[in-house]
Structure formats: C-alpha cells, structure tokens
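Colleague: I'm new to this one. Can you put it up and walk me through some side-chain contacts?

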Amino acid sequence: MLAPLAARLRHLTRVPSIFIFRRCKCLKHCYLPSMTSGKLDTPNFQKLKTDDLLRLEALFRDRGYEFRLVGGVVRDLLLGKAPKDVDIATDCTPDIMTKMFEESGIRYFETGLKHGTVTVHFGTGDYEITTLRVDKATDGRHAEVEFIRDWKTDALRRDLTINAMSLTLDGVLYDYFDGQIHLAERKILFVGDARTRIREDYLRILRYFRFYGKIVPEPDHHDVATLEAIAEMVNGLKNISVERVWAEMSKILTGNHAPHLVRLMYRLKVAQAIGLPDPGWLEELEKVWKSMSDGCYHLKPVSLLVALVHTVDKAYRLAEAWKLSNNEKGLGAFIVEHRTVAYCLDTSVKYFQDLVVDGTPLATVQELAYYCGRVEYAIRLSQWTVPSFPVNGTDLLAAGFKKGPTIGKLLGYLRQQWKESNFGLDKTELLSLALKTCT
C-alpha cells in the first residue's frame, strides 16, 4: 500500500528498555539531563517539587502506595522544558484515595472517577491523580477500565513511548518501552504494537501527527511501519467526535511541519477520514505557512484550516461539520472571502482600514493581513486609531431630511465618500455634501 513511502523510509531499530538515565551517543538533537547518582536532577525538576507536592506524595507513601509523575511532565523534563501541567499516577484505588483525602480533611473533586481520576486541591494547587488501569473493553472511542497495581501494564496502554514514562519525586525514571532513547533521537513510535494501540483509541492517529510536529526536528523522518499501521486503521477515525478531531487538528496546524504533515495525512487517507476537503488546497496552506514561518506572528488554527478550502461556502460547510465556534466560523469565512483582494500587491493598507470602519473587528482584519503575509499592514493597523463616522440619522433629520428609507441610502453614500477621503471629511462637510446631493 505504501510502497513509494517504504522505498524512502527505513525501519527504525528498537533499543533495549532502560530504567534510569544513561548517557548515549545518538542524534545531535539529544538532550542529556543533569544526573546525580543516575537520577534526574535539573533546575526545572527541583522547581517542580514544591512543598505541597512533596507533602502530597508523603501522604501516599506513608500508606504504602506509589506516587509518580507521568506523561507530558516527564517528557518535558527530559527535554529541558518547564512543564505546564503535572499529571500523577498511583497504585492506590479511587475509593481508597477519596477515603484518605476525607480522613485528612483534603478537598477533592471526582473529575473522572469511573476512569480512576481524582483532582485534589492541596495547599495552593490542584493535582490530577489517576489510578493505574488497564482497558477491559474498548470500542475505539471509550474504554471500560480495571484498576491495577502493575506500572508496566499501565504504561503499555498509553499511546506513544515518549508518553509512557513515569518518574518518582526522588528522580528515578521508569521507562519500560525505550521512551527516553526515542525522545533523545526524536522518534515517534507507538507503545508495543501500533495497530493495537490505535484500535484502543483511533484518535491516537492524530496524536501521532501532533507529537511528530512537537518533537521531531526534520519534516520527513517517519517510521514506515508506523505509517503503514495508520493507513490500515484510518477508517476508525470516522467514528471519533468532531470536537476531539478539531482539538487535535488545531494543534497539528499550529505545530511544526504542518504542511508536510497535512500532505502526508492526505496520502494516508487520514484527512479524508476526518472530513477535510478532498482535494485540499495544499499549495495554499504551504504558501500561508511559509509566509508565517518567515514572520514574527502565529495564525489562529482556523485561519490555517480554511487555507485548505477554495470557497466561502466550503469554509462554512467545514465549520458546520466540525462544530466550530461562531467566532471561528466567522473568521474562517471572512478570510476566504477577502484573501484574493488582500493578496494583491497593489492593495494598500486603506483596504484593510475600510474593512475595520465598516464594522469588522480590528483583530479579524489583522488576522487577514497576517494570513496574506502583509505583516507591515497588520502592524500599522495595531498602531492605528480607528476613526468614527461623524454623521448619523439624527444629524440628517436635524438638517431637514425626511424620515424614511432615503436616510439609510444617504448615510451609505456619505460613508463611502468619507472613506474615499481617507476619513478626512468632517461632520459639517458631510452634511453639506448631503444637502448638495439632494438638491
């Protein structure tokens, strides 16, 4: 199925599992964390270990339960980044957890008790804690889980090797599927058998592309076996809710290598399975992306999404199908409607200013300017004081004009003359013009 792709991509070699940090000679992009006796010891990790977090961990440890950081926080620490969120896993079951919190007078919220997740308010922060689990049954969207105490079994049900690691607060890394090596070498691989992982939740196909853009520096460094698995399982995406699809796609579009990843998604039939326009206007997306990457700005996800459509009607239909917000729907349609004129080299900043004075929000018009690579215009708009049209219907009535539909038509005419004067005509001049027009 993917013969042309297979000819260009080599299978990646798997390496043995590790349990603590080891120095390795890998790609130039490798990040080697500071180590003390084989344990993670970086400034970001030390900063993360607040008194509240250490006290919370002690609450579990004193009762014989393990308490580890999992997922994105571990990945970010290994990359030398300050984590945005802290996810915690434990072998303590939800009922024992909640009883323990009640006995200790600690506030908690049953945010996902059926799946073992409790959010606890401890000290000055909130922490999401999830019990180790295994999927007993799944339909590719939802899973029925069983709580367990085996950390490797829990790690096996996670999506990617780089997300399957766990870390104790004393700095010991547990890595059952070579996630640290893959992270250092910037490889995105599913845990165990790719088809099994995808079958558990088909959204993991989109997560593959998102994390590729997040982690891998090169645009075309995929594992061919992984892509083959994705191509075989792609139809399962048709049953995923559009809200979940958009949540992932918005990050793919704004992440690294977006044009390459979207083009690959079309080749693998992923794009068609999630309802992207077929054919998609990939050349437009690449043009917009290149312009953005050369500038100092970031477009909104919906602006990049509508680069794939040719008409306003198709932009609306895609927004409706994916249940985008009214603001997203309006912005996308506005960009598609006005981008042809906005692209023209002889279009001046006045065109964009007119859109603003006609009632389009300034931020929306700036997004259009950025979309078309008119960065200077976008900056000038941000420094521009939007003028107010100096005449209204009351002024015309006071000047002797009769109430009726003529007033609206006259106001429209005066507004056009005001815009053509570069907003220079004042109230007196506009009323005088109105009188001359109607005599």
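Colleague: Is Asp-358 buried, partly exposed or exposed?

Modeller: Asp-358 counts as partly exposed, at 44% relative accessibility. Buried means under 20% relative accessible area, exposed means over 50%, and partly exposed is in between (1.4 Å probe, protein chains only). Before we go on: this is a predicted model, where local features need pLDDT of at least 70, side-chain atom pairs count only at pLDDT 80 or more, and totals for chains, interfaces and linings use all residues. Residues are numbered from 1 along each chain as its sequence is written, and side-chain values use heavy atoms, with hydrogens and water left out.

Colleague: Which side chain does Asp-358 meet in a salt bridge?

Modeller: Lys-419, at 2.7 Å from N to O. A salt bridge here is a side-chain nitrogen of Lys or Arg within 4 Å of a carboxyl oxygen of Asp or Glu. Lys-419 is in helix α22 and Asp-358 is in the loop between α18 and α19, so the pair ties together parts 61 residues apart in sequence. Helices (H or I, at least four residues) and strands (E, at least two) are DSSP runs, numbered from the N terminus.

Colleague: And Lys-419, buried or exposed?

Modeller: Buried, at 9% relative accessibility.

Colleague: How many salt bridges does the structure hold?

Modeller: It holds 24. One of them joins Lys-350 to Asp-354, with the closest N and O atoms 2.8 Å apart. Both residues lie in helix α18, four residues apart, about one turn of the helix. Lys-350 and Asp-354 are both buried.

Colleague: What about Asp-52, which residue does it bridge to?

Modeller: Arg-55, with the closest N and O atoms 3.0 Å apart. Asp-52 counts as buried, at 12% relative accessibility, while Arg-55 is partly exposed at 47%.

Colleague: Switching to rings. How many aromatic pairs does a search of the whole structure find?

Modeller: It finds 15. Rings of Phe, Tyr and Trp (its six-membered ring) pair if their centres lie within 6.5 Å; planes under 30 degrees apart count as stacked, over 60 as edge-to-face and the rest as tilted. Trp-246 and Trp-322 form a tilted pair, 5.8 Å centre to centre with 45° between the planes.

Colleague: Where do those two sit?

Modeller: Trp-246 lies in helix α11 (residues 242-254) and Trp-322 in the loop between α16 (312-321) and α17 (326-343), so the pair ties together parts 76 residues apart in sequence. Both Trp-246 and Trp-322 are buried.

Colleague: Which residues form an aromatic cluster?

Modeller: Phe-60, Phe-67, Phe-101 and Tyr-108 form one.

Colleague: Which ring does the charged end of Arg-68 sit over?

Modeller: The ring of Trp-151, 3.9 Å from its centre. A charge sits over a ring if NZ of Lys or CZ of Arg is within 6 Å of the ring centre and within 35 degrees of the ring normal.

Colleague: Last topic, α20. Which residues are buried there?

Modeller: Tyr-377, Ala-378 and Leu-381 are buried in α20. Seen down the axis of α20, its buried residues fall within an arc of 100° (taken from the directions from the helix axis to the C-beta atoms), so they line one face of the helix.
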